[in-house]
4 protein chains.
Amino acid sequence: MKNTFGNSLSVTLFGESHGAAVGAVIDGLAPGIEIDGEYIRKKLLKRAPHGRISTSRHENNEYKIISGVFEGRTTGTPLTLIMENNDVRSSDYAAFRSLARPGHADYTAYCKYHGYEDYRGGGHFSGRITAPLVGAGAVVLYALEKKGIFIGTHIKSCAGITDRDFSAPQADIICLNDRIFPVLDENAGEKMKRKISLAAENHDSIGGILETVIYGLPAGIGEPWFDSLESVISHGIFGIPAVKGIEFGAGFGFSDMTGSTANDPFVYDNGKISAKTNNNGGINGGISNGMPVIFRTVVKPTPSIAIKQDTVDFIKGENAALELSGRHDPCIVHRAAAVHEAVTAFAAADMLCLRFGTDYLA
Amino acid sequence: MKNTFGNSLSVTLFGESHGAAVGAVIDGLAPGIEIDGEYIRKKLLKRAPHGRISTSRHENNEYKIISGVFEGRTTGTPLTLIMENNDVRSSDYAAFRSLARPGHADYTAYCKYHGYEDYRGGGHFSGRITAPLVGAGAVVLYALEKKGIFIGTHIKSCAGITDRDFSAPQADIICLNDRIFPVLDENAGEKMKRKISLAAENHDSIGGILETVIYGLPAGIGEPWFDSLESVISHGIFGIPAVKGIEFGAGFGFSDMTGSTANDPFVYDNGKISAKTNNNGGINGGISNGMPVIFRTVVKPTPSIAIKQDTVDFIKGENAALELSGRHDPCIVHRAAAVHEAVTAFAAADMLCLRFGTDYLA
Amino acid sequence: MKNTFGNSLSVTLFGESHGAAVGAVIDGLAPGIEIDGEYIRKKLLKRAPHGRISTSRHENNEYKIISGVFEGRTTGTPLTLIMENNDVRSSDYAAFRSLARPGHADYTAYCKYHGYEDYRGGGHFSGRITAPLVGAGAVVLYALEKKGIFIGTHIKSCAGITDRDFSAPQADIICLNDRIFPVLDENAGEKMKRKISLAAENHDSIGGILETVIYGLPAGIGEPWFDSLESVISHGIFGIPAVKGIEFGAGFGFSDMTGSTANDPFVYDNGKISAKTNNNGGINGGISNGMPVIFRTVVKPTPSIAIKQDTVDFIKGENAALELSGRHDPCIVHRAAAVHEAVTAFAAADMLCLRFGTDYLA
Amino acid sequence: MKNTFGNSLSVTLFGESHGAAVGAVIDGLAPGIEIDGEYIRKKLLKRAPHGRISTSRHENNEYKIISGVFEGRTTGTPLTLIMENNDVRSSDYAAFRSLARPGHADYTAYCKYHGYEDYRGGGHFSGRITAPLVGAGAVVLYALEKKGIFIGTHIKSCAGITDRDFSAPQADIICLNDRIFPVLDENAGEKMKRKISLAAENHDSIGGILETVIYGLPAGIGEPWFDSLESVISHGIFGIPAVKGIEFGAGFGFSDMTGSTANDPFVYDNGKISAKTNNNGGINGGISNGMPVIFRTVVKPTPSIAIKQDTVDFIKGENAALELSGRHDPCIVHRAAAVHEAVTAFAAADMLCLRFGTDYLA
C-alpha cells in the first residue's frame with residue numbers, strides 16, 4: 001500500500017519537503033486515547049535539528065491535529081496530523097534539478113515518476129516527512145505506555161563510540177524520552193557528538209547503529225510466516241530513509257554461534273516463564289515470547305555532503321560534477337531514533353490490535 | 001495478512017509438518033506462463049535434505065499442481081501446489097508436547113494458540129512448509145528469467161568459510177541453479193560441508209550468511225516509504241524460519257563509512273546510467289536504480305540439537321531438561337538458499353506487477 | 001485481492017470445474033473451534049444438486065480438510081478444505097471452446113486471460129468453486145452459532161411465488177439449516193419447485209430473490225465509510241455467481257418512502273434499546289444497531305439453457321448459433337442460499353474479529 | 001481498511017463535520033495527470049447545496065491540495081486535498097448529544113466509540129466528508145476521460161418522476177457534467193424539484209434512485225470471485241451515506257425473467273464484439289465485456305426531518321422525543337450523484353491500475 005503501513009491500525013504519510021504541508025493519517029485508532037501535547041512535542045523535539053551537529057535549516061516543528069480528536073481524546077476515527085513547511089529555499093534546488101545526488105533518490109524518483117516528481121529538497125523522499133510520522137507515532141507510544149508497553153531507541157554506536165546496553169529497559173526508556181541526544185551513557189554521547197562535529201568540519205558525514213527495545217510486549221504477539229514480528233517491524237523500519245540493515249537479538253552474530261550457545265534456554269520461576277539469554281531478541285517463530293524485543297538497525301552516512309562528487313545529469317544524459325552548498329546534517333543517526341520509536345510503535349500496535357481488537361489501546 | 005505475502009501478486013502458505021499436506025496458492029499470476037517441471041524439481045531438490053549434512057528424514061519431494069494450470073501453462077487464476085507429507089513419525093513428538101524446545105516456536109505457539117496448535121514436528125512452523133513455497137516460487141523465478149530478471153542466492157559464509165563474491169551475476173546465477181550446495185567457489189563449499197559434518201558429529205548445529213542478488217531489475221521499481229524495495233523484500237524474507245537479520249548493499253558496514261566513501265557516484269556511459277560502486281545494493285530511496293539488488297541475511301544455527309538442554313514444561317509449569325533424539329539438520333543455511341530465491345521472486349514479481357500490471361509476467 | 005475475501009479473517013478460493021480439485025483456505029481463524037462434520041455435510045448437501053430441479057451432473061460432495069485442524073479442532077493456522085472433481089465430461093466443452101455462452105464469463109475470461117483460461121465447464125468461474133466455499137463457511141457458521149449469532153438465507157421469491165417473512169429469526173434459521181429447499185413456508189416451496197420443473201421442461205431457466213438475516217450481531221460492528229457493514233457484505237455477496245443486486249432493509253422500497261415513514265424510531269424497554277421498525281436492515285451509518293441485519297439479493301436465471309441462442313465465435317471473429325446440450329440447472333436460487341450463508345458468515349466474522357481480535361470465535 | 005478504498009489506487013477519507021477540516025488522500029495516482037481546477041470546482045458545485053431544495057447551511061466549498069501536485073500536475077506521490085469547515089453552529093448539537101436521531105449513526109457510533117465520538121453534526125459520519133471525496137474523485141474522473149472512459153450519474157427516479165434513459169452515453173455524461181441538478185430530461189428535473197420543495201414544506205424528506213454508467217471501459221477488467229467489478233463498485237458505493245441498495249443491469253428485474261430473455265446474445269459486427277441487449281450491465285462473471293457498465297442505487301430519504309420523532313436517550317437509558325430544528329436537506333439524491341461519480345471513478349481506476357499498472361492514468 002505504498003505510503004500506508006499497517007492493517008488493523010495503519011498510518012499513511014503524505015507531503016513534500018517544499019510543499020504546503022506534510023502529514024500523517026492514523027486509521028484504526030481506539031477511541032478515548034488521551035492526547036498529551038507535551039509528550040508529542042518532546043518526541044518532535046528529539047527528531048528536530050539541534051546545534052552544530054545538525055542542519056541549520058529551521059524546520060517548523062509545530063503540528064495541528066485536524067481530525068480524529070475531540071475534547072482532548074481520540075474519537076476512533078482517522079486522526080490527521082499536519083505540519084506546515086516554512087523556511088524553504090526552493091531556489092536552492094532548481095539549478096541542480098537533473099543532477100542526481102549520489103546516495104539520494106533523485107535519479108530513481110525520476111525513473112519512477114518520469115520527471116513529474118517534486119524535486120525540491122528531496123520532495124516526497126525528504127526526511128521532512130518523518131516529522132508528522134513522529135508526531136503521529138507519539139500518540140501511539142503514549143497509549144502503549146499506558147498499557148505497560150515501552151519502546152525506546154538509543155544510539156548503539158556511532159563513529160566507533162559505543163553506548164552501554166539497556167540494563168533496566170523500562171527505566172532506560174523513560175530516561176531516553178527526555179534526552180535530545182538518545183544515549184544511555186551521556187559520556188559516550190558527548191564523544192559521539194564531537195565525532196559528528198568533526199565530520200561536519202570535514203564537509204563529510206557519518207552513520208551509525210540504532211538499537212530499539214520493546215519492553216512489556218506480552219507473549220503470543222505476531223503471526224506465523226509472513227506476518228512474523230520481524231517481518232512487520234522490518235517492513236516499517238525500512239520505510240525510514242537511510243536504514244540499510246536490521247538484525248534481531250544476536251542478529252548477524254548468529255553466524256559465529258552454535259545451536260548450543262545460540263538457543264535461549266527457558267526457565268520457570270515464580271509462575272513466570274522467561275529465557276536465560278535473549279539471543280532471539282524476544283521472538284521465536286515470528287511470535288513474541290515475553291522477553292524484551294530487541295533489534296538493531298544501521299543508518300548510513302547522510303548522503304548530502306559538501307564535498308565535490310561525480311555524478312550524471314540524467315536529463316541531458318552526460319557526466320557531471322556536483323558540489324552541494326545547502327544546509328545538511330553531518331549525521332542523522334540521533335534524529336532517526338525518534339522515527340524508529342514511532343515506526344516500532346505502529347508495528348507493535350498493529351499486531352496487538354489484530355490480536356486483541358481495535359479497542360485494545362483504549 | 002498472516003500467511004499471505006504480496007498484493008498484486010500474492011502467495012499464501014498452508015499446512016503442518018505432520019498433517020495431510022503442505023501447500024501454496026499463488027494469486028495474481030499472469031496467464032500463459034509455461035510450467036517447466038524440470039525447473040521446479042531442480043529448485044525443490046536444492047531445498048531437500050542431502051547426505052550427512054542434513055536430516056535423515058526422507059521428505060516427500062513430489063508436488064501436484066491442483067489448480068491454475070491448463071495444458072502446461074498458467075491460466076491466470078489461482079495456482080495451488082500441494083505436497084503430501086509422508087515418513088512422518090508423529091509418535092516422536094507426543095512425549096515432548098509440553099517441553100519447549102529452546103529457539104523453537106513451541107512455547108510461543110502455545111501462548112498464541114492456547115494449546116490447540118498441532119505440535120507434531122513444529123506443526124505449521126516447520127521448515128517443511130517452505131517446500132511448496134519453493135515449488136511455487138520456481139514458477140515465478142522461471143517467468144522472471146524469461147523477462148531477463150535473474151535471482152540467485154549463495155552461501156556468503158558458513159562456519160568461518162567464505163564464498164567468492166558474485167562476479168558475473170547472470171552467469172553465476174545460472175550456475176547456482178544447478179548446484180545442490182549453493183556456492184560459487186566449490187572448494188569453499190567442500191570446506192563448509194566438512195564443518196557442517198563436524199557440527200553434526202558434535203550433536204550441535206551451525207548457521208551462516210546467505211547473499212542474494214536480483215540481476216536485471218529495471219530502474220524505477222519500488223515505492224516510497226512503506227513499500228520500499230527493502231521493506232517488501234525484508235517482509236518476505238523474515239517469513240523464512242531462522243532468519244534473524246538482513247542488510248542491503250554495504251549494510252552494517254555503513255556504520256564505519258563516511259558519506260564520501262559510502263555514496264555511489266553515478267556514471268554515464270554509452271547511453272546508460274549506472275553507479276561506480278554499489279554500496280546501496282541497487283536501491284536509492286526504496287526504489288531500484290538499475291544496479292544489481294544485493295542483500296545478505298543471517299540464518300541462525302538450527303535450534304534442534306541432540307545435546308541436553310535446559311527448558312520448561314509450559315503446561316505443568318516447571319523446569320525440565322530436554323534431549324532431542326529425532327532426525328535433525330546440523331545446518332539449514334544451504335537448504336534455505338532456495339527458499340530465499342523463492343521469496344525474493346515473489347517480492348520482485350509483486351512490485352513489478354504493481355508497476356506494470358498483472359500481465360507483466362505473461 | 002482477487003480470490004481472497006476478508007482481512008482479519010479471510011477466505012481464499014482456488015480451482016477449476018474440471019481440474020483436479022477445488023478448495024478454500026481460511027486464514028485468521030481462532031484456535032479451538034470444533035469441527036462438526038455433520039454440520040458441514042448438511043450445508044454441502046443444501047448446495048448440492050437434487051432431483052429434477054437441478055443438473056444431473058453428480059458432483060463429488062466429499063471434502064477433505066488437509067491443514068489447520070488437529071484432534072477435531074482448529075489450530076489457528078490456515079484451514080484448507082479441498083473437494084476433488086469427478087464425473088467430469090471435459091469432451092462436452094472442447095467443441096464449444098470459442099463460442100461465448102451468453103450470460104456466462106467465456107468471452108470476458110478470454111479477454112482477460114488471452115485464451116489461456118481453462119474453458120472446460122466454466123473453469124474457475126464455475127459454480128463448482130462455491131462447494132468448498134460452503135464447506136469452509138460451515139466451519140465459521142458453526143462457530144458463530146456458538147457465540148449466539150445465527151445466519152440464514154431463504155428464497156424470498158421465485159417465479160412469482162413468495163415465501164413468508166422471518167418471524168422468529170433464530171428458530172427460523174435453525175429450521176432452515178435442515179431444509180434442502182430453503183423456504184420457511186413449505187407450501188410455497190412446493191409451488192416454487194413446480195415452477196422450476198416447468199422451466200426445465202421448457203429448456204429454459206428462472207431466477208429469484210434470496211433473503212438473508214444475521215440474528216444476534218451485537219450493536220457497534222462495522223466501520224465508517226469504506227468498511228461499512230453494507231460495503232463488506234455486498235463485496236462478498238457479489239463474488240457469488242449470478243448475483244446482480246443487493247438491498248438492505250427496505251432497500252429499493254426507500255424510493256417511495258418519506259423520512260417520517262422510513263426512519264426507524266428507537267425505543268427503550270427493559271434496559272435494551274431497539275427500533276420499532278427495521279427499514280434500515282439493522283445498520284445505521286454502516287454500523288450494526290443490534291436489530292437483525294436483513295438483506296435481499298437477486299439471482300439471475302441460470303444462463304445455461306438448452307434453447308438455441310445467437311452468439312459469436314470470439315476466436316474466429318464471426319457470428320454463430322449455440323445450442324447447449326450439457327446438464328444444466330433450470331434454477332440455482334435454492335442452491336445459492338447455502339453460498340449466501342457462507343459468504344455472510346465470512347463477512348460477519350471478519351468484522352467481529354477486526355473489532356474483538358482474532359480469538360473472538362474461539 | 002476502514003476509511004480507505006482501493007488497493008493499486010486508493011483513497012482515504014478523514015475529518016468531522018465540525019472539526020478543523022475534512023480531507024482525502026489519494027495514493028497510487030500516476031504522475032503527470034493535469035489538475036484542472038475548473039473541472040474540480042464544477043464537481044464540487046454539483047455536490048454543494050443549492051436553493052430551496054437543500055440545506056441552508058453554507059458549506060465552504062473551497063479546497064486546497066497540500067501534497068502530491070507540482071507545477072499543475074500530479075507527482076505520483078500521495079495527493080491530499082483538504083476543505084476547511086466554516087459556518088458551523090456546534091451549539092446546535094450539544095443539547096441533543098444523547099438523543100439518537102432515527103435513521104442516523106448517532107446510536108451506532110456511540111456503541112462503537114463508547115461516547116468519545118465527535119457528535120457535532122454527525123461528526124465523521126456527516127455527508128460533509130463527501131466533499132473532499134468528490135474533489136479527489138474529480139482528479140481521477142478527469143484522468144479517466146482523457147483515456148476515453150466517461151462516468152456519469154443521473155437521477156433515475158425521484159418522488160415518482162422518472163428521468164429518461166441514457167441514449168448516447170458519452171454525450172449524455174458530458175452534458176451531465178454541466179448540470180447542477182443531474183437529470184437528462186430537464187422537464188423531469190423541474191417536476192422532481194417541485195416534489196422536493198413540497199417535501200421541505202411538509203418538514204419531511206424523500207429519497208430516490210440514481211443510475212450510473214461507465215462508458216468506454218475496455219473488456220477484461222475485473223477479477224474473478226471476490227474482486228468482481230460488482231464487488232468492488234458496491235464496496236465503494238455502500239460507503240456513501242444513505243445508499244441502501246445497488247443493482248447492475250436488469251438487477252432485481254432478473255427475478256421476473258427467464259434465461260432466454262435475460263441472456264444478452266453476443267453479436268459480431270465490423271471487427272467488434274458487443275451484446276444485443278445489456279441486461280448484465282456490461283459485466284459477465286465479474287469482468288467487463290465492453291458494453292457500458294450500468295448500475296442503479298437507492299438513496300433513502302434524508303433521515304433529518306423537522307417532524308417530531310420518537311427515540312431514546314441512549315446515555316440516560318430512557319424513551320424520549322426529538323424535534324430537530326437545524327438546517328436539513330429535504331432530499332440528498334441530486335447531491336449524491338457527484339459522490340457516486342467519484343466513488344465509481346475510484347473503483348474503475350483501481351481495477352484498471354491493477355490490470356495495466358500504476359502508470360495507466362498518466
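**Group meeting: chain contacts in a predicted model**

I start with two helices: the axes of α9 (residues 333-356) of chain B and α9 (residues 333-356) of chain D come within 5 Å and cross at roughly 125°. Axes here are lines fitted to C-alpha atoms, for helices over the stretch in contact, with angles from 0 to 180 degrees between N-to-C directions; helices are DSSP runs (H or I, at least four residues), numbered from the N terminus.

Residues are numbered from 1 along each chain as written, chains are lettered from A in written order, and side-chain values use heavy atoms, without hydrogens and water.

Back to the helices. Cys353(B), Leu354(B), Arg355(B) and Phe356(B) meet Cys353(D), Leu354(D), Arg355(D) and Phe356(D), contact being heavy atoms within 4.5 Å.

Next, chains A and B. Here 97 residues of chain A are in contact with 98 residues of chain B. The buried area, meaning accessible area (1.4 Å probe) lost on being put together, summed over both parts, is about 8,000 Å², and carbon and sulfur atoms give 63% of that. Trp225(A), Phe226(A) and Lys244(A) supply 13% of what chain A buries against chain B, more than any other three residues.

Six salt bridges are found across this interface, with a side-chain nitrogen of Lys or Arg within 4 Å of a carboxyl oxygen of Asp or Glu as the rule. Lys276(A) and Asp310(B) form a salt bridge at 2.8 Å, N to O.

Methods:
This is a predicted model: local features need pLDDT of at least 70, side-chain atom pairs count only at pLDDT 80 or more; totals for chains, interfaces and linings use all residues. Buried area is the accessible area (1.4 Å probe) that two parts lose on being put together, summed over both.
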